[in-house]
Amino acid sequence: MTLSLSLFPLGWQHYLAGGLLAGAGVALLFVLTGRIGGMSTVFSSTWSYAVQRPFFQQARFVDSRGWRLVYAAGLILGALLWWLGVAGGQAQATAVPTWQLVVGGFFVGYGARLGNGCTSGHGICGLGSLQLPSLMAVATFMGTAFLTANLAARWLP
């Protein structure tokens with residue numbers, strides 16, 4: 001089996017298309033509005049509706065939550081269109097156990113708060129605008145991801 005087949009058993013084209021569409025989307029958002037579309041801020045600004053703690057009530061979350069909800073709705077609509085168009089409306093599943101998804105989600109959320117942004121914010125938006133802190137964050141994200149993936153592949157079933 002070639003390396004390409006083992007890394008991309010369903011082909012690589014949809015990964016390329018997804019990356020190009022994500023990059024074009026955040027570039028278009030920035031060019032048309034001057035806004036940066038990182039997803040961890042969308043998450044925090046959405047929580048500002050329900051959680052009254054000072055962190056979630058910061059002006060940067062409260063003042064921007066309207067357009068950020070529209071932005072998130074666009075992502076959900078995009079996923080729905082992909083599911084209907086590419087996946088043919090068929091259920092999609094993963095073989096990853098639920099507990100691993102939950103633990104991974106916790107660490108991703110913690111890392112996004114620790115790194116003052118998520119992979120989409122730093123990797124797509126920050127690198128696209130040549131921000132040195134984003135370059136450092138992406139290097140940290142990727143190094144940690146490579147290490148974690150190799151350790152998990154060795155010790156998890």
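**Aromatic rings.** I began with the rings of this predicted model, and found that Phe55, Phe56 and Phe61 are joined into a cluster by ring pairs. I then looked up how many aromatic pairs there are, and the count is six. One of them is Phe106 with Phe107, an edge-to-face pair with 5.5 Å from centre to centre and 70 degrees between the planes. Are these two buried or exposed? I checked, and both Phe106 and Phe107 are exposed.

**A charge over a ring.** Next I looked at Tyr49 and found the charged end of Arg65 sitting over its ring, 4.0 Å from the centre.

**The core.** Which residues make up the largest nonpolar core? I listed seven: Val26, Leu29, Val42, Trp67, Tyr71, Ala72 and Cys125. Helix 2 (13-33) and helix 5 (65-85) each give this core at least two residues. The largest share is from helix 5, with three residues. I kept in mind that nonpolar side chains tend to be buried together in soluble globular proteins.

I picked out Tyr71 and looked up what it touches beyond four places away in sequence: Val26, Leu29, Gly37, Met39 and Val42.

**Helix 5.** I wanted to know which residues of helix 5 are buried, and noted Arg65, Trp67, Arg68, Tyr71 and Ala72. Their cover includes helix 2, helix 3 (39-47) and helix 4 (59-62).

Last, I checked the length of helix 5. At 1.5 Å a residue, its 21 residues should span 30 Å, and the C-alpha atoms at its ends are 30 Å apart, so the two values agree.

Terms used
Residues are numbered from 1 along each chain as its sequence is written. This is a predicted model: local features need pLDDT of at least 70, side-chain atom pairs count only at pLDDT 80 or more; totals for chains, interfaces and linings use all residues. Side-chain values use heavy atoms; hydrogens and water are left out. Rings of Phe, Tyr and Trp (its six-membered ring) pair if their centres lie within 6.5 Å; planes under 30 degrees apart count as stacked, over 60 as edge-to-face and the rest as tilted. Buried means under 20% relative accessible area, exposed over 50%, partly exposed in between (1.4 Å probe, protein chains only). A charge sits over a ring if NZ of Lys or CZ of Arg is within 6 Å of the ring centre and within 35 degrees of the ring normal. A nonpolar core is a set of buried Ala, Val, Leu, Ile, Met, Phe, Trp, Tyr and Cys residues joined through side-chain atoms within 4.5 Å. Helices (H or I, at least four residues) and strands (E, at least two) are DSSP runs, numbered from the N terminus. Contact means heavy atoms within 4.5 Å. The expected span of a helix is 1.5 Å times one less than its number of residues.
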